[in-house]
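Please open the model in a viewer and keep the selection tool at hand. The stops below proceed from one selection to the next.

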Amino acid sequence: MSVLNGKKILLGVSGGIAAYKTASLVRLFIKAGAHVQVIMTPASKDFVTPLTLSTLSKNPVHSNFFSQDDEDAVWTNHVELGLWADLMIVAPATANTLSKMATGNCDNLLIACYLSAKCPVYYAPAMDLDMYKHPSTLSSFAALKQFGNVMIPAESGELASGLSGEGRMAEPENIVAFLEADLESKLPLKGKKILITAGPTYEAIDPVRFIGNHSSGKMGFDIAHQAASLGAQVILVSGPTHYKAKNSFVKVVDVISAQDMYDACHLYFNDVDVAIAAAAVADYRPKVVALQKIKKASGDFSIELEKTKDILASLGAIKKNQFLIGFALETENEIENAKLKIQKKNLDLIVLNSLQDEGAGFKKETNKVTFIDHNFKVEPMELKSKESVAVDILNKVILHFSKP
């Protein structure tokens, strides 16, 4: 899966012959899973039609500050467009547009959106070789670099003038590859391996029945997806659930029982940097599993249970440099019980859930957690979506590795 998947890309097209390549560029962005909106300068429409880019991007193309439709004038909100984007790419970026970007000469919608953008900005220069090397162009490059904008270097080849040299806009495939490589290199968890457990475990009574719980696995899968989006290599050990991994950088290991999960965690634990135990693992299992379906009898029926292995405690006992995070679902004496788990299981951080909190617990889209670290610092959080809680958890991981 491309790192561009799910990204909101604002593509600015200026008036150079290379604008014809933006049709292929938009198509590649969409193929990578990005959401694209296009802004065109008036001159760029001489080289590629708004209809083409609108059709490929599946969005209206913006060009003017307002559109005149019969008697109604509709204002194009450049600030809204600038804030919408996760990335802004100006391609082709002509000498004229580069000069306006560098000086703030805001005489068209593209520049207005550029000046409003709060996201990373990339630009792909396109011009003749003498223009590319002219001191005024080099001055624009220097100013944009100082602004934090990133150049996608021009390529050498045949130019519209008939000459051959540097100044040709990078090919669409190369622009996409440049963006992917640059974004991946800046991901805060790049190079980290994270082990995550999710979902319930099912402990067999006979071939038909089992002991389980109401965990859906959503919290663990949200953490896994977010970790992969931040650059981590993720191993997700999951009990039975209907959720599927959204990211190809997540390796899912399907398990059924607590013993299966124990074995899988110990298989991978020594090679990871972080382990996050979000699964709801059964504490007990039937001591004897019937080989055939147990028939209904007239009297009462009892099952003798035995303790399962404590996966989190076993990982805490052998951890070296791993950052180990556990979950605690409590119904009473929540803080005290969570602190005891930190000590007993040698955790670095625990994520406390209380069933007393409205909106928290199993089979919910939201969660309300309290973070408690190994120094017993307590940090209660507001009720949030589980996706947002996953972000908060991984921010703790990023903070841990950013410490000197």
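A residue counts as exposed when its relative accessible area is over 50%, as buried when that area is under 20%, and as partly exposed in between. The model on display is a predicted one.

Asp182 counts as buried, because its relative accessibility is 16%.

**Second stop: helix α1**

Next, select residues 22-31, which make up helix α1. Which residues of this helix are buried? They are Thr22, Ala23, Leu25, Val26 and Phe29. Turn the view to look down the axis of α1: the buried residues fall within an arc of 165 degrees, so they line one face of the helix. On the face turned away from this buried side are the exposed residues Arg27 and Lys31.

To see what the buried residues of α1 pack against, display strands β1 (8-13), β2 (35-40) and β5 (87-93), together with helices α2 (50-57) and α8 (172-185). Just after α1, select Gly33, whose phi is positive, at about 95 degrees.

Select Glu387 and Lys218, which form a salt bridge with their closest N and O atoms 3.1 Å apart. This pair links distant parts of the chain, for Glu387 lies in helix α13 (residues 386-402) and Lys218 in helix α9 (residues 218-229), 169 residues apart. Glu387 is partly exposed at 36% relative accessibility, whereas Lys218 is buried at 6%.

Move to Asp310 and Lys345, another salt bridge, in which the closest N and O atoms are 3.1 Å apart. Here too distant parts of the chain are linked: Asp310 is in the loop between β17 and α11 (311-318), and Lys345 is in helix α12 (residues 334-345), 35 residues apart. Asp310 counts as partly exposed, with 36% relative accessibility; Lys345 is buried, with a relative accessible area of 15%.

Then select Lys21, Arg168 and Glu171, which are joined in a network of salt bridges. The count of salt bridges comes to 13.

**Last stop: a nonpolar surface patch**

Finally, switch to a surface display and select Tyr284, Phe301, Ile303 and Leu305, which make a nonpolar patch of about 390 Å². Within this selection, Ile303 is found in the loop between β16 (284-286) and β17 (305-307). Ile303 is partly exposed, its relative accessible area being 35%.

Definitions and conventions:
Residues are numbered from 1 along each chain as its sequence is written. This is a predicted model: local features need pLDDT of at least 70, side-chain atom pairs count only at pLDDT 80 or more; totals for chains, interfaces and linings use all residues. Side-chain values use heavy atoms; hydrogens and water are left out. Buried means under 20% relative accessible area, exposed over 50%, partly exposed in between (1.4 Å probe, protein chains only). Helices (H or I, at least four residues) and strands (E, at least two) are DSSP runs, numbered from the N terminus. The arc is that of the directions from the helix axis to the C-beta atoms. Contact means heavy atoms within 4.5 Å. Patches are made of residues with over 30% relative accessible area and no salt bridge: like charges are joined within 9 Å, nonpolar side chains (Val, Leu, Ile, Met, Phe, Trp, Tyr) within 5 Å. Accessible areas come from the Shrake-Rupley method with a 1.4 Å probe; for residues, only the protein chains shown count as cover. A salt bridge is a side-chain nitrogen of Lys or Arg within 4 Å of a carboxyl oxygen of Asp or Glu.
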